Amino acid sequence: MEFISRTVVRTVLTAGIMTFALAACGTSGGGTPASEPSDSPSNVASSRIPAPATGGPATGTASPSPSASPNSSDSAIPDGTVDLKVSIKPKAEAEAKEYVLACSDNAVDSASTLPNAAGACTRVLELGTDFFLAKPDPNKMCTQQYGGPETAEVTGTINGQKISASFSQVDGCEIARWNAVQPIVGTGGAS
């Protein structure tokens, strides 16, 4: 009887974990990744990734939206200092597009070249250094879906602390991370 009880518990737990993992990596329409960040837990300290306070997510397949002025600001950027290099590759063999994202004193610095710099700075400061320093959890289950060939590297400092983070869309967990930084790296998506 104890064997059956353990088997039932394992089956129920496994089904629950799979349901959670699939829900956390939500999809839209025909199996493509959802374009908005989910409310699911991530591998960082916070259990919810906050929505951007200003500006919407960047558009385009591999780079931030060129329609927004790099130095525009719809509202004040949170307190903090951001000095980042953002490198985005639309596919492995492509040349990287390089951008600078710099903010201080609640404003975008003139050195910024990233489109929608105000929204991107706000997002970086909302996420904080822990998000960019977090290492993948090898025990975390991720859906095996493909979001596209784009990759991005973000390096530099946030509030004086060095960060270095890589982003891709190779599985559900990485797609969720990419979606969390859309104002910085763009929407991506398989072509």
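Author: What follows describes the sheet, then the helices, then the charged pairs.

This is a predicted model, in which local features need pLDDT of at least 70 and side-chain atom pairs count only at pLDDT 80 or more, whereas totals for chains, interfaces and linings use all residues. Residues are numbered from 1 along each chain as its sequence is written, and side-chain values use heavy atoms, with hydrogens and water left out.

The open sheet has 5 strands in the order E5-E4-E3-E6-E7, with antiparallel pairing; helices (H or I, at least four residues) and strands (E, at least two) are DSSP runs numbered from the N terminus, and two strands pair if DSSP finds at least two bridges between them. Strand E5 (107–108) and strand E7 (161–167) stand at the edges with a single partner strand each, so one side of each is left without a neighbour in the sheet. Strand E4 (residues 97–104) pairs with E5 in the antiparallel sense over 2 bridges, and alanine 107 in E5 is the bridge partner of serine 104.

Helix H2 (residues 117–133) lies across strand E3 (82–89), E4, E5, strand E6 (151–158) and E7, and runs at about 95° to E7. Helix H3 lies across E6 and E7, at about 125° to E7. Contact here means heavy atoms within 4.5 Å, while axes are lines fitted to C-alpha atoms, for helices over the stretch in contact, with angles from 0 to 180 degrees between N-to-C directions.

Helix H3 (residues 172–180) is mostly covered, since 8 of its 9 residues are buried (buried means under 20% relative accessible area, exposed over 50%, partly exposed in between, with a 1.4 Å probe and protein chains only). At the start of H3, a side-chain oxygen of aspartate 171 comes to within 3.0 Å of the backbone nitrogen of cysteine 173.

The count of salt bridges comes to 3, each being a side-chain nitrogen of Lys or Arg within 4 Å of a carboxyl oxygen of Asp or Glu. Within the sheet, glutamate 98 forms a salt bridge with lysine 85, the closest N and O atoms being 3.6 Å apart; glutamate 98 lies in strand E4 and lysine 85 in strand E3, so the pair ties together parts that are 13 residues apart in sequence. In helix H2, glutamate 126 and arginine 123 lie 3 residues apart, about one turn of the helix, and their side chains meet in a salt bridge (3.3 Å, N to O).

Key. Polar contact = N/O pair within 3.5 Å; in protein donor to acceptor, adjacent residues only side chain to side chain.
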